[in-house]
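Let's take a walk through this protein together, one stop at a time. Keep the picture open as you read.

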Amino acid sequence: MELKELFNEAVINSKGLPQKPSNDTLLQLYALYKQSTENELTARPPANPLDFVAKAKFDAWRQLKGKPQEIAMQEYVDLVAKLK
């Protein structure tokens, strides 16, 4: 199966995991998904300094700067497989 197909399947499977992942794992899934689908971070940091969720998401994605989309996709697929 092609990586893009595996990634799309993993996205579907991530919505039906047997148990909810930890917040750190959810942030990792979010960042890998964004890096896989949008590549480099294009958004600005959250304007509201008290929006801790948006800041955590932004920071998680920012940490993947420079990671190629294909590698992010494979890491996402591997992480979802591990969580299943």
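What you're looking at is a predicted model. Start with Met73, which sits in helix α4, spanning residues 69-83. Is Met73 buried or exposed? Its relative accessible area is 9%, and since anything under 20% counts as buried, Met73 is buried. Setting aside its neighbours within four places in sequence, Met73 is in contact with Leu3, Lys4, Phe7 and Ser36. Now find Lys34: it lies 39 residues from Met73 along the chain, yet their C-alpha atoms are separated by 9.6 Å.

How do α2 and α3 pack? Their angle is about 60°, and their axes are 8 Å apart. That angle makes α2 oblique to α3. The residues making this contact are Leu27, Tyr30, Ala31, Lys34, Gln35 and Glu38 on the α2 side, with Ala56, Lys57, Ala60 and Trp61 on the α3 side. Sort them by class and you get six nonpolar, one polar and three charged residues.

Stay with α3 for a moment. Phe58, Asp59, Ala60 and Trp61 are buried in this helix, and α2 is part of what covers the buried residues of α3.

Last stop: the loop between α2 (23-38) and α3 (52-62), where you'll find Asn39. Asn39 isn't a glycine, but its phi is positive, at about 65°. With a relative accessible area of 26%, Asn39 is partly exposed.

Terms used: Residues are numbered from 1 along each chain as its sequence is written. This is a predicted model: local features need pLDDT of at least 70, side-chain atom pairs count only at pLDDT 80 or more; totals for chains, interfaces and linings use all residues. Side-chain values use heavy atoms; hydrogens and water are left out. Helices (H or I, at least four residues) and strands (E, at least two) are DSSP runs, numbered from the N terminus. Buried means under 20% relative accessible area, exposed over 50%, partly exposed in between (1.4 Å probe, protein chains only). Contact means heavy atoms within 4.5 Å. Axes are lines fitted to C-alpha atoms, for helices over the stretch in contact, and angles run from 0 to 180 degrees between N-to-C directions. Angles under 35 degrees count as roughly parallel, over 145 as roughly antiparallel, 65 to 115 as roughly perpendicular and the rest as oblique. Ala, Val, Leu, Ile, Met, Phe, Trp, Tyr, Cys and Pro count as nonpolar, Asp, Glu, Lys and Arg as charged, and the others, Gly among them, as polar.
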